[in-house]
Amino acid sequence: MNAALVFFLRLLFIILTYLFVGWIAYTIYKDLQAQFRNQKDALASRITLRALVNQEPIEKQFAAPEIIIGRDPDCDFAIPDETISLRHCKLTYHHKQWWATDLNSTNGTFINENPIDSPTVITESDELRVGKVLIIIQINQ
């Protein structure tokens, strides 16, 4: 084989090896960056939900970045009321705010008596109504 061809193939192999190692390093960097971003968002401020169902108070505090409210016992905030859908509403924490989203419930979700049809920011002392149940929201910084 010609010495120039061998030199060219070795040089090509070295360049491709460096490109491959660089691609791996870039992928790891992007993955760590995404993990760090998700970790910051996961540090949700605590939120307390209070409801009165059948003259019985239900209160629960959460630190998770996502809360599912509904009639299903597997929901994070389960409310035994027939006017509430199995998975009625979702509260999520992102962009340093809590957001409420209706999950296509039958009777709708309301914040301070205003119906929500898209993700809506919730604040301290807002009243969230799911079905006929009123939930008072307390955000603990």
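L11 is partly exposed, at 39% relative accessibility (buried means under 20% relative accessible area, exposed over 50%, and partly exposed in between, with a 1.4 Å probe and protein chains only). The structure is a predicted model, in which local features need pLDDT of at least 70 and side-chain atom pairs count only at pLDDT 80 or more, while totals for chains, interfaces and linings use all residues. Residues are numbered from 1 along each chain as its sequence is written, and side-chain values use heavy atoms, with hydrogens and water left out.

L11 lies in helix α1 (residues 3-42); helices (H or I, at least four residues) and strands (E, at least two) are DSSP runs, numbered from the N terminus. Together with L5, F7, F8, L9, L12, I15, L16 and L19, L11 forms a nonpolar surface patch with about 860 Å² of accessible area. Patches consist of residues with over 30% relative accessible area and no salt bridge, like charges being joined within 9 Å and nonpolar side chains (Val, Leu, Ile, Met, Phe, Trp, Tyr) within 5 Å. Accessible areas come from the Shrake-Rupley method with a 1.4 Å probe, and for residues only the protein chains shown count as cover.

Two salt bridges were found in a search of the whole structure (a side-chain nitrogen of Lys or Arg within 4 Å of a carboxyl oxygen of Asp or Glu). One joins the side chains of R50 and E59, with an N to O distance of 3.0 Å. R50 is partly exposed at 31% relative accessibility, whereas E59 is exposed at 52%.

In another salt bridge, between R129 and E113, the closest N and O atoms are 3.3 Å apart. This pair links distant parts of the chain, 16 residues apart: R129 is in strand β10 (residues 127-130), and E113 is in the loop between β7 (109-111) and β8 (114-115). E113 is partly exposed, with a relative accessible area of 48%.
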